[in-house]
Amino acid sequence: MNNKRRSVPGIRHYDGPAGGWGALKATAIAVRTQMDTLDAPATLLRTNQPDGFDCPGCAWPDKEHKSTFQFCENGAKAVTWEATSKRVTPAFFAENTVTSLLAKSDFELEGYGRLTHPMEYHRESDTFRPVEWEQAFARIGEILRELPPDAVEFYTSGRASNEAAFLFQLFARELGTNNFPDCSNMCHEATSVGLPRSIGIGKGTVSLDDFDNTELVISIGHNPGTNHPRMMGTLHELARRKVPIIVLNPMRERALERFADPQSVMEMATYSSTDIASTYFQVKAGGDAAALKGIAKHLLAFENALDSDFIATHTQGFDDFAADIQATSWASIERKSGLSRQDLHQVAEAYAKSNATIITYGMGITQHNKGTSNVRLIADLLLMRGNIGKPGAGICPLRGHSNVQGNRTVGISEKPTAAFLGKINEVFGFTPPAAHGHDAVQATEAMINGSARAMICLGGNFAVAMPDHARAFPAMRSLDLSVHVGTKLNRTHLLTAKQTWLFPCLGRTELDMQQTGRQSITVEDSMSMVHASSGKLKPASPELRSEPSIVAGLAKATLPHTRIDWTTLVSDYDLIRDLIEKTIPGFDQYNQRIRIPGGFRMPLPPTERVWPTSTGKAMFSVFEGVDENQPGVGDNVLRLVTLRSHDQYNTTIYALDDRYRGVFGRRDILFMNEGDMAQLGLEHGDRVDISTALQGSVQQLEDITVVAYSIASGTVGAYYPEANVLVPLDYLDKDSGTPSYKSVPVRVTLRSKEIRAL
């Protein structure tokens with residue numbers, strides 16, 4: 001940032017690299033403010049170790065355990081945030097009404113600490129009061145039995161284990177519904193829908209070994225330093241081996257520019273760092289499809305750039321794909337992407353020279369009106385050169401929560417396959433419902449129109465994570481019943497229904513003792529590795545129960561004629577895994593294989609060039625034109641990208657700093673391109689209102705401070721979840737149902753004064 005700009009409170013230039021001493025200092029602060037300093041070192045050193053627990057943060061896979069520690073700065077924050085010594089007791093709830101707590105931010109609410117007792121909301125006093133577990137289960141069961149099954153929504157957070165998620169979907173399906181709004185619906189659902197159409201499976205195809213063998217990485221629409229920070233170790237290794245890393249992203253992100261590995265003695269001792277991106281292109285928000293088509297257009301023009309044998313043997317639809325690419329004009333590609341023809345030639349040339357390329361992408365690709373089509377275009381680009389099913393190459397969607405992929409694998413899906421439902425019938429002896437259920441947006445719409453009457457949340461902060469808070473919040477409060485399972489208090493818990501219960505559960509770091517002894521749970525990472533996780537810390541309260549135990553308690557109390565022995569299953573999680581093995585392909589010898597350090601990999605047929613599509617071939621797609629169907633009403637329309645700060649994981653905010661972007665102690669920020677600011681008559685530090693520029697839209701975010709930043713022209717950035725108020729509920733990818741958090745048309749207005757026209 002230009003030091004000559006006027007001073008803005010909380011905004012100052014940060015010149016350090018990602019990682020390095022800044023990361024160690026932040027880790028030390030997290031430990032000091034949250035944990036007993038005697039417990040912290042041993043706890044952190046068990047993170048992502050074979051005999052320890054899986055980090056409750058990102059889903060990046062574990063390396064071979066050769067280094068001293070397997071956690072990063074944000075992982076340490078996630079662990080200390082969960083293992084905090086702070087407690088939210090019944091006395092706390094007695095002293096604070098729900099109305100008063102709702103006035104607090106999510107940062108303040110979670111900062112109070114761990115929930116310790118099961119609580120029931122009492123409307124007369126507007127407070128939560130302690131309740132006995134079995135009493136709560138019995139009353140919830142009575143209410144659920146009085147409702148039509150499809151009036152109940154079963155929400156799952158990506159932090160739920162395979163075991164808890166499997167029991168949760170059994171409970172819902174034996175009750176009679178496929179309503180599974182899930183955190184995946186808000187992030188990578190476009191991957192889950194798009195990749196099966198292209199390659200036959202909704203997962204990535206690369207492993208960590210592929211990064212050891214790749215010749216080029218193209219990184220699109222993600223910020224690894226914050227959202228999947230353990231990836232930085234891999235990118236650091238690639239950069240030091242001089243493997244090109246080409247970045248396409250609207251904002252300059254420090255972790256993609258420079259990184260100092262805290263495990264590198266040389267870099268720490270010399271205060272040096274490693275450049276990560278070999279080339280950095282700032283694509284406009286919503287311009288990803290245009291950029292991808294531009295790269296493909298160059299490839300079609302290059303001599304011998306295509307893998308013709310692979311295309312002929314393994315794919316269908318290439319001719320239609322190529323015809324559409326040829327018909328797309330350079331003028332439209334440049335206008336929409338914000339990149340020049342020469343920029344895209346540079347990317348295509350590097351891609352054509354590489355014999356093994358990995359493309360990584362995040363929610364900057366999926367959270368758009370055409371997110372599914374964006375994902376398929378990435379697959380198309382890889383198929384053009386045969387970069388799926390060979391070492392060092394493939395597609396790498398970067399999942400967020402540590403088990404969001406595993407939840408989907410074990411049955412959390414509103415659109416189950418006939419084969420899966422058939423196995424449920426065969427193994428458990430009941431006929432599950434076949435009709436599709438609700439995703440996250442559909443569940444919210446059902447609450448708004450009154451057809452949904454109850455919601456059970458296995459973790460998460462559902463209403464806050466959703467778009468359009470002006471409609472989502474009242475919808476939660478209109479329910480007859482809400483049940484929340486969590487470790488800490490959040491705002492969704494406080495949007496109380498007619499009857500609301502709040503259940504505290506064990507965290508990943510804590511010892512889970514059941515009838516047969518200490519238990520392990522399992523998770524699946526972004527690269528389809530399934531491995532065990534086992535905490536050792538003393539639970540935050542003797543009243544805590546595990547997620548599988550809570551799900552089983554609810555199911556027993558709700559289903560009087562259940563075919564499932566819930567009590568026995570919870571006594572030994574091996575029994576749950578035995579049932580998963582019988583029900584879902586790929587879990588052969590489940591219990592034996594998770595006892596091997598590192599676990600095992602789920603089957604990924606495309607890695608063997610086997611394509612489980614309807615045609616038996618990998619399928620090219622056609623993305624007509626370059627527009628992402630993003631209407632904007634009137635002049636001066638910009639595209640809003642919602643962002644996480646560096647001190648944040650999803651809706652969990654660890655602190656009010658965003659160190660790498662130079663923001664400290666505040667979140668009321670709008671990042672803007674200086675050229676756009678000049679055209680709109682704005683200056684660094686101006687206070688503005690932001691409104692959604694769609695027909696009939698009334699969404700507005702008021703009193704936000706403009707910060708000049710290196711961001712693509714026509715693009716602005718504001719923090720999630722605060723900026724979710726600007727995202728209409730029906731502004732989404734029609735194929736996947738994913739809300740368009742990353743390309744909302746907005747207009748920015750100077751406080752008390754209309755911006756002059758461009």
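Glu163 and Arg577 are both buried, that is, under 20% relative accessible area, where exposed means over 50% and partly exposed in between (1.4 Å probe, protein chains only). The model is predicted: local features need pLDDT of at least 70, side-chain atom pairs count only at pLDDT 80 or more, and totals for chains, interfaces and linings use all residues. Residues are numbered from 1 along each chain as its sequence is written, and side-chain values use heavy atoms, with hydrogens and water left out.

Glu163 and Arg577 form a salt bridge, meaning a side-chain nitrogen of Lys or Arg within 4 Å of a carboxyl oxygen of Asp or Glu. Glu163 lies in helix H8 (residues 162-175) and Arg577 in helix H29 (residues 573-583), so the pair ties together parts 414 residues apart in sequence. Helices (H or I, at least four residues) and strands (E, at least two) are DSSP runs, numbered from the N terminus. Glu163 and Arg577 also belong to a network of salt bridges with Asp574 and Arg595.

The structure holds 28 salt bridges, including these:

| Pair | N to O distance |
|---|---|
| Glu163 and Arg577 | 2.9 Å |
| Glu426 and Lys423 | 3.2 Å |
| Asp689 and Arg751 | 2.6 Å |

Asp689 in strand E28 (residues 687-692) and Arg751 in the segment after strand E31 (744-750) are 62 residues apart, and the pair links distant parts of the chain. Asp689 is buried at 13% relative accessibility, whereas Arg751 is partly exposed at 32%.

Glu426 and Lys423 both lie in helix H23, three residues apart. Helix H23 (418-428) supplies at least two residues of the lining of the second largest pocket.
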